[in-house]
Structure formats: C-alpha cells, structure tokens
Amino acid sequence: MKSKDLEQTLSVELDGLSVEQRHTFMDRLDVLWPDVLRPLEGLYGQRGDFEAWLGRLVRVAGHAYAHRSPELRRLDAKRYARPDWFLTSEMLAYVCYTDRFAGDLKGVEQRIPYLRELGVRYLHLMPLLEPRKGESDGGYAVRDYRRVAPRLGTMDDLEHLAGELRCNGISLCIDLVCNHTAREHAWARRALAGDPTYQAYYYMFRDRTLPDRYEQSLLEIFPDFAPGNFTWQPEIERWVWTTFHEYQWDLDYTNPAVFGEMLGNICFLANRGIEVLRLDAVAFMWKRLGTQCQNQPEVHLLLQALRALSRLAAPALLHKAEAIVPPPELVPYLGRGAAAGRECELAYHNVLMVMLWSSLAERRVALLTHTLQQMPTIPHDAAWITYLRCHDDIGWAVTDEDAAAVGLDAALHRKFLSDFYLGDYSGSFSRGTVFQHNPRTGDRRINGALASLVGLETALESGDEGHVDMAIRRIQLLYGVIFAFPGIPQIYMGDELGLRNDFSYLEDSELADDGRWVHRPPMDWQAAERRDDPGTVTGKIFLSVKRLAEARARCDAFHSSASARAVWTQNDRVFGLLRESARGRILVLANFSEENQSVPAYRLRELGLGDRLHDHLQNRGLDLDAELLLGPYDQVWLS
Ligand code: GLC
C-alpha cells in the first residue's frame with residue numbers, strides 16, 4: 001500500500017482543514033510512511049485485515065492532527081525549526097509527584113517560579129492518570145488513560161498547567177503506562193465479565209501449562225510482594241499475565257487492537273499539551289517462550305511504529321523509554337541502524353547511574369570507565385536522561401564481562417555494593433534500605449534518598465562538620481558528572497535540598513509494603529526557604545546544584561550531540577570524560593575519593609589540552625604545572 005492510497009480514506013478526518021493544512025498532513029504522511037509501514041508489517045503484516053487496520057490507524061493520527069490546537073501547531077512548527085531543542089546544554093529536568101510537590105495540579109502552577117529559579121526546562125510529573133483505588137504502585141496501575149486522578153485535578157487542569165509551563169519555557173512530561181493496565185481498567189473489567197474481545201487484550205491461560213513453561217526463564221520483578229508472573233482470576237478461571245503486581249495486567253500487543261488503543265491514548269495526551277511521554281516498562285511489551293520476555297526485537301518495532309504514527313499527528317511530542325536494562329540492551333531503545341532517530345528520543349541512563357554509585361563506594365573509577373567505553377554511541381539526535389536517584393530502587397546492573405575486565409567478580413561486587421549502601425560495610429557512610437531481597441539469586445536492591453545514600457544523614461547525626469562537608473561534596477561530585485554527560489540531567493524532587501529518608505510511609509497501609517516510599521518524601525517547603533543561605537546545609541546543596549546548572553548552560557560544548565568518551569586519567573580515583581564536537585572540547589576530571597588526587601600534565605596533553613587551561617565549572621583560568629591537583633571529591637571542566 002502507498003501513502004497516497006490513503007488520501008481518500010482520510011477525507012472525513014481532514015474535513016474542515018484548510019488546503020494548506022491538508023497538504024501538510026499528506027506531505028508528512030508521505031515522508032513518514034516507510035517508518036509506519038516497515039515495523040507494522042514486521043509485527044502484523046501476516047494478518048488478512050492488515051491493510052484495513054492500517055487505514056484505521058492513519059485515521060486515528062489524522063483525526064488527532066485535525067484537532068490539534070493552534071498553539072500546539074505552532075509548537076510543532078517551532079520544533080521542526082529547532083529539532084535539537086532538547087539537546088542543548090540549557091536543558092534540565094525535574095521529576096516529582098504532583099501531590100507530594102504541590103498538592104495538586106493547580107498547586108504545581110504556583111510553584112513554577114521555584115522551578116525557574118533552579119533552571120528547570122522539563123518537568124516530569126509522576127503518574128497522574130486515574131489509577132485504581134487503594135494500592136496502585138504509585139499510580140502505575142492505570143484505570144483510565146483519559147482522566148486525571150480526581151484528587152490531583154482534571155484533564156482541563158492538566159492542559160492548563162502544560163500551557164503555563166510552556167509559557168515559562170518548561171516542557172511537561174507524564175507517564176504513559178503502556179505495558180499493563182489496572183485490573184480495574186474498563187478493558188479488564190469487560191474481560192472479567194467474560195467478553196472474549198477484551199480477554200484478547202491480555203495474556204490469559206486456562207491452565208498452568210504455558211505459564212509454567214514461561215516461568216522457567218522469566219525473572220521476578222517483585223519477588224517479595226508479588227512473586228511469580230501470573231495471577232489466577234477465579235471469575236473467569238484463567239491465569240492472567242501480571243509481571244508486576246497482581247493488579248497490573250500485561251497487555252497483549254500481538255493483538256493489533258491493543259496497539260491501536262495505545263496510539264489513540266498517545267494522540268489524546270499529546271493534544272492536551274503533553275510534550276514528552278515516558279513510556280513505562282517498555283522492555284516487557286512482547287513475550288517469547290524460552291526468554292526473559294524483555295527487550296524482544298518486536299518491542300523495538302512497536303516503539304518505532306508508535307513513534308512514526310505519533311509524529312504524524314503531533315511532531316512536537318517526544319517519546320522517552322523507561323527500560324532499566326543492562327548496557328547492551330539499553331542503547332537500541334534510542335534507535336539503532338536504520339531505526340536511528342526513529343524509536344525513542346530519550347531513555348534513562350541507568351547504567352551511568354549504577355556506575356556512579358559503584359565508583360563512589362569503591363573510590364575507584366575503573367568499572368565506570370570501562371563500562372562506558374564498551375557502550376555503543378547513540379544517534380546524534382537522541383539523548384540520555386541522566387540521573388542519580390528516581391522514585392525506584394537501585395538494582396546493581398553490573399555485567400559479568402564488565403566486572404571481569406577490571407578484575408572484579410560481578411557477584412561479589414554486587415554484594416559489596418548492597419552491603420555498602422545498607423551501611424553494613426565497614427567504613428560505609430550510607431543509610432540505604434534493602435528492597436526485594438531474592439535469596440535465590442542473591443540480589444538485594446537498594447532504596448534511599450540521595451542525601452542518605454551519600455552519607456549526609458550519618459554525618460548530621462554525628463555532628464561532625466568535616467563529614468557533613470564530605471557528604472555535600474559527594475552530592476556536588478555526582479551531579480557534576482551527570483551535568484557534564486550528554487543528555488538531560490534530572491533532579492529528583494527534594495534532592496536539591498538534601499531531603500533524607502522518610503519512614504512516614506510505614507503508617508499508611510496502602511504504602512507500607514513498598515519500601516521505595518522511603519525516598520519519596522513530601523517536599524519540605526520550610527527547608528526550601530533556606531535555599532539561598534550558604535551558611536546552611538540546604539543552601540549549600542541548593543546553590544551548588546543551581547551553579548552547576550548555570551555552568552553547564554554556559555558551555556555550548558556540552559550540547560548532547562557532542563561525543564562523550566570516558567578516558568583513563570592515569571589515576572584510578574579520577575574519572576575522565578572527554579566531550580568533543582565542532583562546538584569545542586572539554587575534559588571533565590572528577591575525583592571520586594576523599595583524598596587529594598593528581599593527574600599528570602603529560603596525560604592532559606595527550607588528551608589534547610594546552611598549558612593554559614580554563615575551568616568552566618569555576619569560570620577561572622588555570623596554569624598547567626607538572627600535574628593537576630584535585631581536592632577531595634573535586635572536579636574540573638577543562639578546555
Ligand atoms: C516502572 C516504574 C516502577 C513501576 C513499574 C511497573 O519500572 O518506574 O515504579 O513499579 O514500572 O509499572
């Protein structure tokens with residue numbers, strides 16, 4: 001089928017548009033058609049009704065295009081004119097729970113000045129579409145994709161907020177939980193009532209034969225509170241696939257109807273002014289017997305097809321993949337080979353996050369350097385979300401190969417990291433808590449707020465100012481590296497003020513089972529009042545994060561399209577990162593230890609630096625002697 005054949009079928013959708021607007025859509029369709037067709041043929045091409053179904057999909061996109069507001073059309077044009085808008089060094093992301101940050105969506109509007117003060121250009125509000133009642137995995141069990149959780153506001157409030165943020169130069173990102181719905185979603189309710197059409201939206205089995213076979217190679221995501229991957233539904237006498245909690249039903253994307261529904265949801269949200277969709281748990285969207293049912297090739301085809309179709313309707317929208325997977329599996333989510341620039345524009349760099357924590361515990365950077373060196377480069381028009389903490393736990397994604405290459409035993413190292421961040425290792429400064437201990441694999445994931453993990457909590461309790469200073473330096477060090485790395489650095493709400501572990505969740509029966517709430521504290525607006533006072537711990541942290549953001553924004557050479565190469569510095573306590581492009585070259589050096597360290601001048605010359613240096617972080621000149629000295633946890637951004 002050719003894109004032109006579709007013009008007739010689109011007459012209803014595009015009716016009422018000007019000739020020019022129709023041409024715009026048809027031209028886009030023409031350009032994007034191969035991107036739509038290729039993945040969908042791979043997924044559903046064998047079906048007899050493929051062409052008719054394809055026509056329906058294009059009509060969904062056409063309908064959304066026709067209903068895009070003038071303001072969003074202008075945004076589409078603006079993004080076309082500056083497609084690298086999210087790659088510039090001014091980008092800074094902030095992520096928070098709406099209620100914990102500001103009560104509700106209207107409250108978030110009141111806090112825009114705070115976000116601007118910090119330099120935020122991208123706001124990710126944690127799941128806010130209507131979840132099931134009671135436990136909802138922090139909102140990741142969605143009951144209705146087209147309604148906002150009533151306690152947070154309405155769809156109109158969301159649309160209004162998106163507009164206000166945009167006027168302030170901030171793009172709004174929300175979650176689209178596309179791998180599963182709540183058991184209470186209308187589709188699941190119809191399935192439970194026995195409707196075969198909706199039963200086909202999910203994976204359902206009459207007996208344990210297939211579930212048992214799948215289980216042989218599946219992992220358990222929440223072995224503690226949701227063991228196994230299937231849940232028995234007595235009403236319909238079926239086993240339903242539930243990768244996460246029992247109340248989160250995995251959608252069956254082998255059914256094209258499911259794909260069509262999700263496309264409709266994407267278009268709907270894009271037209272409410274959402275600029276970035278965080279596609280949740282994408283790695284799990286396709287199952288294959290005998291595998292872990294993660295990162296299957298079809299997942300990438302699904303994401304590519306969704307991307308091409310949403311681009312047709314709403315080109316300003318970005319897709320962000322949430323795939324917390326090992327290094328070799330991660331990069332393809334940003335589009336590989338022919339799919340470069342055609343999958344997701346953004347993905348979380350969980351590997352960098354894990355490696356930073358690993359280096360901090362070890363005071364050595366070999367594993368970090370080696371692992372980054374092994375990772376393939378990403379397309380120049382895609383970017384990482386770099387982060388230190390998020391609402392989830394930290395899982396030690398260290399591969400056997402990477403560990404062995406630097407003389408470590410992966411299993412022992414993972415054990416060391418868990419012990420260290422639990423504070424069980426001698427000399428540890430950390431105060432993490434354990435999450436989902438799996439005795440079978442020995443896995444122990446870690447919860448904890450940034451400040452608690454870097455030792456601020458222990459230091460403040462000890463009353464030792466030197467220790468407090470070290471903890472603050474660790475925060476600066478870690479933020480410094482992610483701010484210098486290609487991508488959009490993301491601050492997790494409260495980390496900019498040094499908020500610590502919060503155990504109040506234990507008093508709430510709907511939250512108490514899930515230890516991840518320990519690092520999801522409510523915003524402390526009282527503490528925030530001290531943010532400008534450099535004499536306070538809060539002020540020191542806030543001001544240094546702000547300074548880092550300003551320094552990064554000044555450095556055009558940190559544009560995400562500039563290459564990033566982890567380099568050996570001749571000192572295994574000092575991490576080196578070289579950023580290079582026509583915009584300039586910057587060498588980042590970061591001391592991961594609490595002792596003074598040095599890097600020999602000859603090494604800096606080898607890396608292309610001259611004798612007269614400029615440190616962009618402190619905005620000062622430096623003369624290169626025989627060696628470059630770095631104080632405890634210090635870093636420099638040199639050109
Ligand atoms: C993602 C979310 C996590 C949630 C899971 C299931 O990994 O980040 O919080 O539990 O998906 O939706």
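Trainee: Is T386 buried or exposed?

Mentor: Start with a caution: this is a predicted model. The general idea is a cut-off: buried means under 20% relative accessible area. T386 has a relative accessible area of 0%, so T386 is buried.

Trainee: Where is T386 placed?

Mentor: T386 sits in strand β14, residues 383-387.

Trainee: What does the side chain of T386 reach?

Mentor: The side chain of T386 reaches the backbone oxygen of I482, at 3.3 Å.

Trainee: Take S136 next. Where is S136, and is S136 buried or exposed?

Mentor: S136 is placed in the loop between β3 (129-131) and β4 (142-148). Its relative accessible area is 12%, so S136 counts as buried.

Trainee: How many residues along the chain separate S136 and A182?

Mentor: S136 and A182 are 46 residues apart along the chain. Their C-alpha atoms are separated by 8.0 Å.

Trainee: Now the sheet with β9. In what order do the strands run?

Mentor: Read a sheet by asking which strand pairs with which. Here the order is β7-β9-β8, in an open sheet of three strands with antiparallel pairing. The edge strands are β7 and β8, and each pairs on one side only.

Trainee: How many bridges join each of these strands to β9?

Mentor: Two bridges join β7 (residues 204-205) to β9. Four bridges join β8 (residues 230-233) to β9.

Trainee: Are the faces of β9 buried or exposed?

Mentor: Both faces of β9 (residues 238-241) are covered. R238 and V240 are buried on one side. W239 and W241 are buried on the other.

Trainee: What about the turn? Which residue in the hairpin of β8 and β9 takes a positive phi?

Mentor: First the general idea. Most residues other than glycine have a negative phi. Now this hairpin: four residues lie between the strands, and E237 takes a positive phi near 50 degrees.

Trainee: Where does R363 lie, and what is its phi?

Mentor: R363 is not a glycine, yet has a positive phi of about 60 degrees. R363 is found in the loop between α15 (350-362) and α16 (366-374). At 15% relative accessibility, R363 counts as buried.

Trainee: And Y633: what is its phi, and where is its place?

Mentor: Y633 has a positive phi of about 55 degrees, although Y633 is not a glycine. Its place is in the loop between β24 (627-630) and β25 (635-638). Y633 is buried, with a relative accessible area of 3%.

Trainee: What is the volume of the largest cavity, and which residues line the largest cavity?

Mentor: The volume is about 60 Å³. The lining includes L218, L219, I221, N229, W241 and T243. F284, K287, Q292, C293 and Q294 line the largest cavity too.

Trainee: What about the second largest cavity: how much space, and which lining?

Mentor: About 40 Å³ of space lies in the second largest cavity. Its lining residues include R389, C390, G448, A449, L450 and Y492. Also among them are M493, D495, L499, H519 and P521. That lining divides into seven nonpolar, two polar and two charged residues.

Trainee: Which distances separate ligand oxygen atoms from the side chains of E322, H391 and D392?

Mentor: For E322, an N or O atom of the side chain is 2.9 Å from an oxygen atom of the ligand. For H391, the distance is 2.8 Å. A polar side-chain atom of D392 lies 2.5 Å from a ligand oxygen atom.

Technical notes:
Residues are numbered from 1 along each chain as its sequence is written. This is a predicted model: local features need pLDDT of at least 70, side-chain atom pairs count only at pLDDT 80 or more; totals for chains, interfaces and linings use all residues. Side-chain values use heavy atoms; hydrogens and water are left out. On a 1 Å grid over the protein atoms alone, a cavity is a set of points where a 1.4 Å probe fits but cannot get out, and a pocket is an open set with protein on both sides within 12 Å along at least five of seven lines; lining residues have an atom within 4 Å of a point. Grid points are joined across faces, edges and corners, and a volume is the space filled by probe spheres set on the points. Ala, Val, Leu, Ile, Met, Phe, Trp, Tyr, Cys and Pro count as nonpolar, Asp, Glu, Lys and Arg as charged, and the others, Gly among them, as polar. Buried means under 20% relative accessible area, exposed over 50%, partly exposed in between (1.4 Å probe, protein chains only). Two strands pair if DSSP finds at least two bridges between them. A polar contact is a pair of N or O atoms within 3.5 Å; within protein, one must be able to donate a hydrogen and the other to accept it, and residues adjacent in sequence count only if both atoms are side-chain atoms.
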